[in-house]
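Dear colleague,

Please find below the structure that I am handing over to you. My notes on what was found in it follow.

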Protein chains: 2
Amino acid sequence: MSTTEFLRERGIQPSQQRIRIYEALAATTAHPSADTLHRELQPEIPTLSRTTVYGTLELFVAKGIAQRLALTGSELRFDANTSAHVHFRCRSCGAVSDLPGISAPLPPPAPAGYRVESAQFYAEGLCPRCLSL
Amino acid sequence: MSTTEFLRERGIQPSQQRIRIYEALAATTAHPSADTLHRELQPEIPTLSRTTVYGTLELFVAKGIAQRLALTGSELRFDANTSAHVHFRCRSCGAVSDLPGISAPLPPPAPAGYRVESAQFYAEGLCPRCLSL
DNA sequence: ATTCTTGCAAATCATTTGCACTTTA
DNA sequence: TAAAGTGCAAATGATTTGCAAGAAT
């Protein structure tokens, strides 16, 4: 399915900017920030503004086709993989990746009175590259 | 054990500021931000600066007597409870609490090549108070 | 005396907002 | 031609930094 169709199906008007932002996000597992995506797309779409990237990513999250990850407190990272998986952040190089070979623990059952709408599992430590230095 | 002894045992010089910041953090389950703690202690210690609160909380995290929670991307919250438990953030009122009656899923086994040093489980949804409105 | 701790003011950095311009249905 | 989408510049808000003053060993 084309990105255009995919977005339209989710009720998202497929503008050139949105198409390229979604494709760039879906093409990586690096969990980029809005700013990183902006820098990446700048050469291709020189007029693309930060505002559009920020707004578009929020739209994707609202429509359920992207996840927003608050890992460091200073920046938001995004992920087009919305399935349950464990995020890992390396304390040395800061890279965010998915922990391979591990199925994320299921979200806990909601205690009475609560409505749990989403859940995330997040681990921190040293990645293989930094561990071997 | 007094807070003074407690801090000294962890290799933290127990200054008046540090003692009061730790006691304020340990006395609540509201997972306050540095700024919230600063406002809370201001009447009691009028000269207390934000810088000191920020630095002290980072020190507590480094020494392992507090947890740093990045939940929203815009602010860091802190927790003197360092045991494994599930954090919950209400999408409506923004309050951060511990999910009661639930033991946190264990951290996943580290895949080969990784060193996992800490893990957090984080859920989002509606709290009982907002759900009943 | 020397080292650790604190506080102030200014700087930084990601993100948001207000508003005008442009594109699309 | 009305509505939706985009972009720029300025504002915001949490956090950090540089550095001088104060407290503790």
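Predicted model: local features only at pLDDT ≥ 70, side-chain atom pairs only at ≥ 80, totals over all residues.

**How the two chains are related**

The same surface serves both copies, since 100% of the contact residues of chain A recur in chain B; contact means heavy atoms within 4.5 Å.

**Conventions**

Residues are numbered from 1 along each chain as its sequence is written, and chains are lettered from A in the order in which they are written. Local features need pLDDT of at least 70, side-chain atom pairs count only at pLDDT 80 or more, and totals for chains, interfaces and linings use all residues, while side-chain values use heavy atoms, leaving out hydrogens and water.

**The interface**

In chain A, 38 residues are in contact with 38 residues of chain B. Together the chains bury about 3,000 Å², 64% of it on carbon and sulfur atoms (buried area is the accessible area, with a 1.4 Å probe, that two parts lose on being put together, summed over both). Two salt bridges are counted between chain A and chain B, a salt bridge being a side-chain nitrogen of Lys or Arg within 4 Å of a carboxyl oxygen of Asp or Glu. A:Glu117 forms a salt bridge with B:Arg91, and their closest N and O atoms are 2.6 Å apart. On the side of chain A that touches chain B, β5(A) gives the most, with twelve residues (strands are DSSP runs of E, at least two residues, numbered from the N terminus).

Yours sincerely

Notes:
Helix = DSSP H or I, 4+ residues; strand = E, 2+ residues; numbered from the N terminus.
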